[in-house]
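Dear colleague,

I am passing a structure on to you below, and after it I set out what was found. Please read the notes beside the coordinates.

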Amino acid sequence: MTLDRRSGCPINLSLEVFGDRWSLIILRDMIFGGRRHFRELLNGSMEGIASNILADRLKRLMELGMLTKADDPSHKQKAIYSLTEMAITLVPILAHLGAWGRVWLPTSEELSIRAELLEKGGPPMWEKFMDELRHEHLGTPLDAPGPSVRATLQAAYEAVVAGKARSASPAA
């Protein structure tokens, strides 16, 4: 896919890739949510993407070289989407976007805990996460012991949700 380039400015070119409302959300859901099937991406996003928009953005992300698509060996009518190295290297950018949003925008505690942990974990956590994504999507070897970064982030999210539920329930 060729982009209509208004200039050679790297910020402009990046915005031409990610300037629509959905591309980064789809990549976010694949990176942090582990979603790899069309139906998972369609039903798993809290932002409520329409199926025709999702199909269009997946096609565009594949044309840009950020995703690949293959037949799912577990189900002959399903496809599985994989991140490419180009998309995996967005982890630090997404971490910075989340950190910025936590400071300047009215975020919720449960939806910002992952951004907080990624910010505090810094480059070592981002590198470990990218290695885990390379293993999951590209099949590279993984030799990092301990819980995965995604599992750590999910556990923190679930802990905040559980804590809010406990504090909202009436005392017996």
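Phe-32, at 16% relative accessibility, counts as buried, a word used here for under 20% relative accessible area, with exposed meaning over 50% and partly exposed in between (1.4 Å probe, protein chains only). Please bear in mind that this is a predicted model, in which local features need pLDDT of at least 70 and side-chain atom pairs count only at pLDDT 80 or more, while totals for chains, interfaces and linings use all residues. Residues are numbered from 1 along each chain as its sequence is written, and side-chain values use heavy atoms, with hydrogens and water left out.

A search of the whole structure gives one aromatic pair. Its members, Phe-32 and Phe-129, are tilted, at 5.5 Å centre to centre and 40° between the planes; rings of Phe, Tyr and Trp (its six-membered ring) pair if their centres lie within 6.5 Å, and planes under 30 degrees apart count as stacked, over 60 as edge-to-face and the rest as tilted. The pair links distant parts of the chain, since Phe-32 belongs to helix 2 (residues 23-33) and Phe-129 to helix 7 (residues 109-138), 97 residues apart. Phe-129 is buried as well, with a relative accessible area of 1%.

As for the chain, it has eight helices and two strands, taken as DSSP runs (helices H or I, at least four residues; strands E, at least two) numbered from the N terminus, and along the sequence they follow the pattern α-α-α-α-β-β-α-α-α-α. Of its 172 residues, 37% count as buried.

The largest pocket has a volume of about 1,100 Å³, the volume being the space filled by probe spheres set on grid points that are joined across faces, edges and corners. On a 1 Å grid over the protein atoms alone, a pocket is an open set of points where a 1.4 Å probe fits, with protein on both sides within 12 Å along at least five of seven lines, and lining residues have an atom within 4 Å of a point. The lining of the largest pocket comprises 34 residues, of which Ile-25, Arg-28, Glu-47, Gly-98 and Leu-111 lie nearest the centre. Helix 2, helix 6 (91-104), helix 7 and helix 8 (149-168) are the elements that give two or more residues to this lining, and helix 6 provides the largest share, seven residues.

With kind regards
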